[in-house]
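Q: I would like to learn how to read some side-chain features in a model. Can we take them one by one?

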Amino acid sequence: MRDNSSATTLIRPVISPRQPTGLWWGLIGVAAFSFTVPFTRVAVAGLSPLFIGSGRAVVAAVLAAFALALTRQRLPRGMQWARLAVVAAGVVVGFPLLTSFALATTPASHGAVVIALLPAATATAAVLRGRERPPLAFWLIAGVGALAAIVFASMQSGGLGQLHWADVLLLGAVVAAAIGYAEGGLLARELGAWQTVSWALVLASPLMVFLGALSVAQQPPSATPVQWLAFAYLGVVSMFLGFFAWYRGLAIGPMAQVSQVQLIQPVLSICWAGLLLGESLTWTTIIGGLAVILCAGIAIRERLNPPRRPAQNP
């Protein structure tokens with residue numbers, strides 16, 4: 001059948017996949033997200049974890065609603081609402097709440113461990129959901145990069161030791177974010193990058209408003225100006241603007257490749273923790289960070305090189 005046949009439905013992607021610019025958009029998103037862990041650590045010193053996790057989503061949802069209304073975006077259709085619910089559950093509800101509660105008792109450098117696990121988890125979710133098939137070498141190098149990130153982040157935080165409840169929350173945050181990233185990257189090809197995160201924020205806003213009101217009733221917010229500024233960054237940048245670039249990068253893809261840019265995020269997060277929070281920054285961190293970046297670069301290059309096909313006899 002032809003594309004213009006009335007018996008077929010042709011959905012043209014808003015963002016064309018497979019362009020080199022996907023990596024750069026992903027890098028911009030990672031740079032924005034790298035402040036999330038240290039700024040959450042700053043905010044939880046004066047605000048409750050429930051208020052931070054829900055309040056930042058409410059702030060972002062207000063911005064998203066204005067952006068959608070001003071640009072007169074069309075409503076998602078059919079199964080797109082269900083897919084938006086998956087995105088909202090992962091990156092609007094799950095990751096912010098779980099990390100906020102975990103960082104209430106965990107140093108920012110320790111919390112950066114969760115960021116080290118995200119690339120491998122996102123790549124796995126992308127393969128399962130997006131039907132991408134990276135070569136075996138890509139998985140091996142990505143695994144080494146994730147392991148290097150975990151090792152150096154663990155050494156910075158004094159070692160993981162026994163599995164505490166905060167580590168369980170961080171692990172749950174990894175799973176939630178990976179699923180939300182993978183589904184959001186696919187959906188962004190249909191709705192657009194900023195439109196996807198905006199609709200997800202609006203969809204989750206009733207629940208987050210309820211949780212925010214509950215947190216205020218339990219513990220009225222009282223914080224210093226610095227802590228409010230950290231909260232504002234979490235709501236405006238980490239929860240909203242950062243996803244503009246991140247989902248656009250994932251939409252251009254390939255998602256398994258762009259997700260490996262996240263290996264740089266724990267390096268940046270621990271550096272910001274040292275500069276902003278005064279947490280120790282040693283040569284171990286610097287060397288470990290270089291190792292993580294090197295593995296990320298090799299993995300990306302391996303994913304870019306298509307497998308060679310054997311020559312056929314004429």
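Q: Leaving aside neighbours within four places in sequence, which residues is Gln227 in contact with?
A: Contact means heavy atoms within 4.5 Å. By that rule, and leaving aside neighbours within four places in sequence, Gln227 touches Val42, Ala43, Ala45 and Gly46. A word on the source: this is a predicted model, where local features need pLDDT of at least 70, side-chain atom pairs count only at pLDDT 80 or more, and totals for chains, interfaces and linings use all residues. Residues are numbered from 1 along each chain as its sequence is written, and side-chain values use heavy atoms, with hydrogens and water left out.

Q: Where does Gln227 lie, and is Gln227 buried or exposed?
A: Helices (H or I, at least four residues) and strands (E, at least two) are DSSP runs, numbered from the N terminus. Gln227 belongs to helix H9 (residues 225-252). Buried means under 20% relative accessible area, exposed over 50%, partly exposed in between (1.4 Å probe, protein chains only). Gln227 has 12% relative accessibility, so Gln227 counts as buried.

Q: Which backbone atom lies 3.0 Å from a polar atom of the Gln227 side chain?
A: The backbone nitrogen of Thr224.

Q: What about Gln257: buried or exposed?
A: Buried, because its relative accessibility is 4%. Gln257 sits in helix H10 (residues 255-258). Gln257 and Ala126 are 131 residues apart in sequence, yet their C-alpha atoms are 9.6 Å apart in space.

Q: How many aromatic pairs does the structure hold?
A: Rings of Phe, Tyr and Trp (its six-membered ring) pair if their centres lie within 6.5 Å; planes under 30 degrees apart count as stacked, over 60 as edge-to-face and the rest as tilted. The structure holds 15 such pairs. One of them, Phe35 with Trp272, is stacked, at 4.6 Å centre to centre and 10° between the planes.

Q: Which parts does the pair of Phe35 and Trp272 tie together?
A: Phe35 is in the loop between helix H1 (21-33) and helix H2 (36-43), and Trp272 is in helix H11 (residues 265-277), so the pair links parts 237 residues apart in sequence. Phe35 is partly exposed, at 22% relative accessibility. Trp272 is also partly exposed, at 23%.

Q: Which residues of H11 are buried?
A: Gln265, Pro266, Val267, Ser269, Ile270, Ala273 and Gly274.

Conventions
Polar contact = N/O pair within 3.5 Å; in protein donor to acceptor, adjacent residues only side chain to side chain.
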